[in-house]
Amino acid sequence: MALLARYKVFSPTMLRQSVRTLSTTSAQYAEGSESWLSKLLVRRIEPTKEPHSRMLSDKEVIYALNTHNVRPDCMEKYLDNYKKVVEFIHSKKDTLNCELIGSWTVNVGDMDQCVHLWKYTGGFEAIDHANSIVYADQDYLKLSKERGNYLRSRHLQYLLAFSYWPQIESREGGNIYEMRSYRLKPGTMIEWGNNWARAINFRKTNNEAFAGFFSQVGRLYNVHHIWCYKSLQARKENREAAWRSPGWDECVAYTVPLIKDMHSRILSPTKFSPTQ
């Protein structure tokens, strides 16, 4: 009995009174600002008849993210093969409406992996058109077959760029890149966009924001943020500076509950990457 006496048993009446007190207290703190309780919750977004992609991006420009897991003993042969693929596609650039934006090898994270980012102008119609041409070309098919000998696995995603990120600009040499990939809870993409439209302003001063995307085809509710740094030390200093900026912590607090999982990769540009 002594042990039971240490714990309160709430009757239905007491529980209703507690809820009423919580509601009243919340309302008092809400005057002139958001309530303290609402700050603990993810912001609600009203239903919309517009597709998320139309609200967050320009659908006329599609990006293809090719992720290739390479056999460890074949990296050099693989990169030589892919360089020839890039040269082939760029030789037909005007016809294909397709260009390589960036090409990287992974230094930290998923080792023996290469990531290639392509841009198609003209929406999915441009992708259909490009595929109909390259897959009818014997030289391209020969390169594709050869590349299969060097791979363990591969994955393709079609992405859209977030409209609030800076325009993608190629960088000169001496950089490393970080790709931070997030798998979001279904239905939270608009909330993510609303919060990151503010958060990105804290990361523009050092020209570190390279590109931000969300998936359309492939693994869905994926977000990829690509950052450009001069070194790992510069990355550390830039990220610490962001945390010292008033408002950054709030943006992080709102977006963390939207994430199911995330991972980071440090990338180095290949010799044939347009951005270095």
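**Nonpolar cores and buried residues**

In this predicted model, the largest nonpolar core is made up of 52 residues, and the members that touch the most others within it are Trp118, Phe162 and Trp192. Helix H4, which spans residues 75-91, contributes seven residues to this core and is the element that gives the most to it. Apart from this core lies another one, of 18 residues, which includes Leu117, Ala161, Met179 and Ile226.

The surroundings of Trp118 can be described residue by residue. When neighbours within four places in sequence are left aside, Trp118 is in contact with Ile62, Tyr63, Ala64, Asn66, Tyr82, Val86, Ile89, His90, Cys98, Glu99, Leu100 and Ile101.

Helix H8, formed by residues 189-199, is largely enclosed by the rest of the structure, because eight of its eleven residues are buried. The buried residues of H8 are Met189, Ile190, Glu191, Trp192, Gly193, Asn195, Trp196 and Ala199.

Confidence in the prediction was also examined. The mean pLDDT of the protein is 84, and 80% of its residues reach 70 or more. Over residues 1-48, however, the pLDDT is below 50, although this stretch has 27 contacts in the model beyond near neighbours in sequence. Where pLDDT is low, predicted coordinates should not be read in detail.

Methods
Residues numbered from 1 in each chain as written. Predicted model: local features only at pLDDT ≥ 70, side-chain atom pairs only at ≥ 80, totals over all residues. Heavy atoms only, no water. Core = buried A, V, L, I, M, F, W, Y, C linked by side-chain atoms within 4.5 Å. Buried < 20%, exposed > 50% of the residue type's maximum accessible area, 1.4 Å probe, protein only. Helix = DSSP H or I, 4+ residues; strand = E, 2+ residues; numbered from the N terminus. Contact = heavy atoms within 4.5 Å. pLDDT = per-residue confidence, 0-100.
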